[in-house]
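Hi there,

Here is the structure I promised to pass on. Have a look at it first, and my notes follow below.

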Amino acid sequence: KKILIIRNDHLGDMVVTTGLIRNLAKSGYQLYVVSTKSALDIVKFNPYVTGTIIYDDSTFLNWIKSIARIRKESFDAAIEMKFIRFFDMKNMIFCSYVKTPILIGFNKSDIQSFNLSICNYPHANHVTEQLKQVLELFNIAYDDMHYELPISESIKTKANLFLKEITANNKKVVVLNPFGSSVARLLSNKQVHIICNLLSAKYKTIVIGEENRSKQLSLPESVAVFNSASILDVVPLIELSDLVISVD
């Protein structure tokens with residue numbers, strides 16, 4: 001009952017997969033997750049995850065090392081979570097080298113390495129509806145598939161102290177995320193400035209994002225910047241805010 005979740009993609013994809021992980025673990029399975037280092041931060045404190053493995057295809061050598069690392073483990077089943085939008089040769093080869101008698105994927109019936117394919121055409125439903133198909137395959141009665149982002153007490157404390165330092169007069173707090181994973185998902189410097197000025201009368205505005213990105217913004221003096229080393233750092237900040245504005 002040792003299952004590998006192959007999630008070699010982005011942060012948001014890992015977030016939505018936390019409901020699947022919880023339901024599998026509650027049914028008695030040991031869950032291991034392989035993904036990029038940044039995406040694995042999402043499950044860093046997740047009690048339903050037994051172990052994690054980093055997938056790194058930044059260089060050919062690192063990619064080979066990722067394959068060698070996964071080959072050290074044996075799994076009763078592995079589930080490749082990507083719905084085919086484009087063919088990722090590196091990812092398919094990686095999956096083929098996982099030691100498992102059952103390799104499950106979505107719409108992979110034409111790929112010989114996969115011996116169990118879940119049909120999912122078209123992609124009209126929300127991703128959680130698609131993930132329910134995995135649980136149905138395992139005959140698992142599932143919950144509402146809500147997301148879970150457990151964090152440490154030190155992360156909570158950091159966010160609370162930050163809010164105490166910048167808020168006054170019981171002003172409401174708005175968190176603004178102007179950054180996305182691609183250029184098409186970025187707010188311009190001008191857009192950010194306009195949004196912050198519009199919010200300033202009613203809210204204390206906090207801009208979140210990587211420090212090297214936020215430094216490039218020209219922000220009004222009233223705006224606070226919360227530099228986060230990990231995506232988990234912003235979880236308690238979002239939980240405690242009155243409003244969140246994000247490009248995604």
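In β5, Ile104 is the bridge partner of Ile79. Strands β4 (residues 77-80) and β5 (residues 103-106) run parallel and are joined by two bridges. Please keep in mind that this is a predicted model.

These strands belong to an open sheet of six, with parallel pairing and the order β3-β2-β1-β4-β5-β6. At the edges stand β3 (51-54) and β6 (116-118), each with a single partner strand, so one side of each has no neighbour in the sheet. From one strand to the next, the twist averages 20 degrees.

Now to helix α5 (residues 127-137): its buried residues include Val127, Leu131, Val134 and Leu135. Among the elements covering the buried residues of α5 are α1 (11-26), β4, β5 and β6. Just after α5, Asn139 has a positive phi of about 55 degrees.

Tyr29 lies in the loop between α1 and β2 (30-35) and Phe138 in the loop between α5 and α6 (153-166), 109 residues apart. Both Tyr29 and Phe138 are buried. Phe162 and Phe226 also form an edge-to-face pair, because their planes are at 65 degrees, with the centres 4.8 Å apart. Phe162 is in helix α6 and Phe226 in strand β9 (residues 224-227), 64 residues apart.

Finally, two lysines: the charged end of Lys1 sits over the ring of Tyr29, 5.5 Å from its centre, and that of Lys2 sits over the ring of Phe75, 5.1 Å from its centre.

Best wishes

Definitions and conventions:
Residues numbered from 1 in each chain as written. Predicted model: local features only at pLDDT ≥ 70, side-chain atom pairs only at ≥ 80, totals over all residues. Heavy atoms only, no water. Pairing = 2+ DSSP bridges. Helix = DSSP H or I, 4+ residues; strand = E, 2+ residues; numbered from the N terminus. Axes fitted to C-alpha atoms, helices over the stretch in contact; angles between N-to-C directions. Buried < 20%, exposed > 50% of the residue type's maximum accessible area, 1.4 Å probe, protein only. Contact = heavy atoms within 4.5 Å. Phe/Tyr/Trp six-rings, centres within 6.5 Å; stacked < 30°, edge-to-face > 60°. Lys NZ or Arg CZ within 6 Å of the ring centre and 35° of its normal.
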